[in-house]
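Look at how helices pack against one another in the structure below. Two packed helices are described by the angle between their axes and the distance between the axes.

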Amino acid sequence: MNKKHEPLIRLAKREMMPKGQVWAIRIGSILLALLLGGFILMAIGVNPIEAYGTIISGSLGKKTALRQTAKIAVPLLGCALAIAPCFKMRFWNIGAEGQITAGAIAASYFALYWADKLPALPLLVIMGAAGAIAGGIWALIPAFFKAKWNTNETLFTLMMNYIVIGIVRWLEGGPWEGRKGSQVIPQFAENACLPRVLGVHCGWIIVLILVVLMHIYMRHTKHGYEIAVIGDSINTARYAGMNVGRIMMRTMFISGAISGLVGFIVASGANGTLYHGVADGVGFTSITVAWLAQLNAFAMVAISGLLAVLTKGAETLQTRLAVPASISEIITGILLFCMLGCEFFINFRLILRAKKQQKEAAAEGKEANENA
Amino acid sequence: METVCAIELKNITKRFGSVVANDGINLSLNRGEILSLLGENGSGKTTLMNMLSGIYYPDEGEICVGGEKVTISSPKDAFRYGIGMIHQHYKLVDVFTAAENIVLGLDDEEKLDMNQTNAKVRAICEKYGFDIDPTKKIYDMSVSQKQTVEIIKVLYRGADILILDEPTAVLTPQETDKLFAVLRNMRADGKAIVIITHKLHEVMALSDKVAVLRKGKYIGTVNTAETNPQALTDMMVGHTVTLNIDRPTYEKPVPRLSLSGVSCFDAEGVKRLDDVSFTAMGGEILGIAGVAGSGQRELLECIAGLHPVSSGSIMYTPDEAAPSDLVGKSPMQIRKSGVAMAFVPEDRLGMGLVGSMGMTGNMMLRSWRKGKSIFVNRKDPNKLANQIWHDLEVVTPSTEFPVRRMSGGNVQKVLVGREIASAPSVLMTAYAVRGLDINTSYTIYNLLTEQKMQGVAVVYVGEDLDVLLELCDRILVLCGGKVSGIVDARTTTKEEVGLLMTRVGGKEAE
């Protein structure tokens, strides 16, 4: 018998798993992440249960905390919705950061120069529309080049980010500078800021409406169908008579427009001004949100909420228990790793050599007993 | 000859998830024997052989080589036991020479000496009757030469158990004969050979023993001399099948599609079609024969508007309307005018189907644009999906089950079923029965004949000459992108078509 050569671990692809089991694995992975994070907290001398409690109470416990958490979640969710159709199409738009900024610039223009001429409602509508169009155009540029000359959209969208952030820096120090030498764009007038509903700027309502709209768009419209077909096979899309280039450009415009709208919401609702960090990494973090939610609009609400809780909770952890912010980032990292990693176990199953041998041994033993 | 057991499989079982690909297979093969492994697509032939060559690992059972129990957990292990497999898809480096490809991946201790290698390759060629120049680059080679390189590669590594996975699929009848001669030489040299196939006449011509698999189960092994094609088919299918295609004649065929002087180039600028002219008639099945890659795909894609045509015209004559040129029209316009294509490329899901969607989603590829509403209509496609599901006996748990997870034959049924359902006036199919079991193949042949009798111009690109000769009315033979002949399928012979497949610019036989 030379069992030695049998591989220690073998992988086998799973058939479809029952839904309940899939969710059990996912929840298990979160628990595992919390457990691992607990060890790290213990290692630096903090009681993990107390720390996790602080994260929860610090982000959801009080009204003010809850509002701040919501404020973090809104742009994440909005932006994840924006990139979902692109990713469904396998168009790797990693330029949401720039599209947010482009939208924020356009909205800010109206906030700075039209605020004295218009009342709040029309002004905000114009700002939102301008933000959406600017974000859309910023996204359309790489899509156009992709459709025409098949340029690489990943690099293109990424580079577009730096350009637009550079533009904001120039505006900060140049034409839009408030007090001379301050390098800061002045605060928007009252009527250019989004009104508050339940203590949070009303951007959350806009984003929640977008969740429903995006779900319908992706699942039930012809556009959604086209996007799904292109994502699966461009050849099949051509075969079905779809104009792939045009659909790409259209989808990217819509994606950029939503990002631009998020830019408007952040500038007008959260910050009340424009600065070069308006996107604040949201364009990248939202990629994680979209993937973790598997491009499902409703799941994105939960995932963006979870990330917001962790971010806000980490702040509280730092102030209350003096846990460095980097530790919270490590815990967030572990959580994301486990959540993404568990998908592997949903798709594959491991077969261990030892297990099989034991089984065989047991079977042989049984036989032997029977023979006896 | 003294019989020495080369390889023995005992009770091999392999599962993929809930699918049992091989269920307790027993098989044995002696040195100096050729065994045909016969079975329909999806019966587990390739899976079984992949376990011998170390690509898969069996869940249960044991493998003995030369009477000794072995564990094969990698292709390297397989080579150590002298097992070599020649896959359907060749794995060669195009810019290397034959000899360089042959020694690629060998980790000998010695310094690589190309002269010595070339000499060794030549020696192998001489011994078994291969005809190949070891210094020739792969990109200069024909498909059959590439196959030869793959075989020598395995022999060079000292394999004495050879497994060939459908080796004749890409060969002309003449090349097939040559390959068989070589295989017989190897048999005489004491090698054990397994050939995976589903072509019955090849089984009869070449092998000593036939092992039949059906749906993952081992049915039995018979001596070739003591059996016949009908008996083998019955073993393969499990019940009696008649191997006849009905070929009625349509009363008044009318010209439907006329190509004249059509040429096209691929993305690399290589001429794929060269001055192709023919007329497809409504009410006839026009077969297209040719070695794989002779321009069949490009021809259909040009007609469907998916491939740019560099010169020539494609005139389409609808009922009661003036002919119009399809060149320059978009795929959508061409499709609307009634030209349908059930193109089944090598990669079945690459074109024509959306792998991640279910049958309903795939039916929608045809109808998604219908209506003014911004929402898609799922009801009608779902009805059609259910109809095809039942009519063609597609095996799937539901119409929403992703087609990617269905077996190849079922995927094909979905594709062909959808195209026929669109009631076209020109129906083009390529390899429509590839991967289908015998019963379903005949279902498809009947469907095509039905279409023909309704006056549809059917273009059938096929690989099995026997079927082409039985099914079609006329056969157009392509060779290197040129039409080398158009023959009457009722009067021509396999040899004639085979010759045309290798000869450029043959005369049109009337």
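An axis here is a line fitted to C-alpha atoms, for helices over the stretch in contact, and angles run from 0 to 180 degrees between N-to-C directions. Helices are DSSP runs (H or I, at least four residues), numbered from the N terminus. This is a predicted model, in which local features need pLDDT of at least 70 and side-chain atom pairs count only at pLDDT 80 or more, while totals for chains, interfaces and linings use all residues. Residues are numbered from 1 along each chain as its sequence is written, with chains lettered from A and ligands numbered from 1 in the order in which they are written.

In chain A, helix α11 (residues 282-292) packs on helix α12 (residues 297-321) with the axes 8 Å apart and an angle of about 135°. That makes α11(A) oblique to α12(A); angles under 35 degrees count as roughly parallel, over 145 as roughly antiparallel, 65 to 115 as roughly perpendicular and the rest as oblique. Their crossing is right-handed. On α11(A), Thr285(A), Val289(A), Ala290(A) and Leu292(A) meet Met300(A), Ile303(A), Ser304(A) and Leu307(A) of α12(A), contact being C-beta atoms, placed from the backbone, within 7 Å.

Helix α4 (residues 96-113) of chain A also packs on α11(A): the axes come within 7 Å and cross at roughly 130°. α4(A) and α11(A) are therefore oblique to each other. Here Ala96(A), Glu97(A) and Ile100(A) in α4(A) meet Val282(A), Gly283(A), Phe284(A) and Ser286(A) in α11(A).

Technical notes:
Helix = DSSP H or I, 4+ residues; strand = E, 2+ residues; numbered from the N terminus. Left-handed = near helix turned anticlockwise from the far one by under 90°. Contact = placed C-beta atoms within 7 Å.
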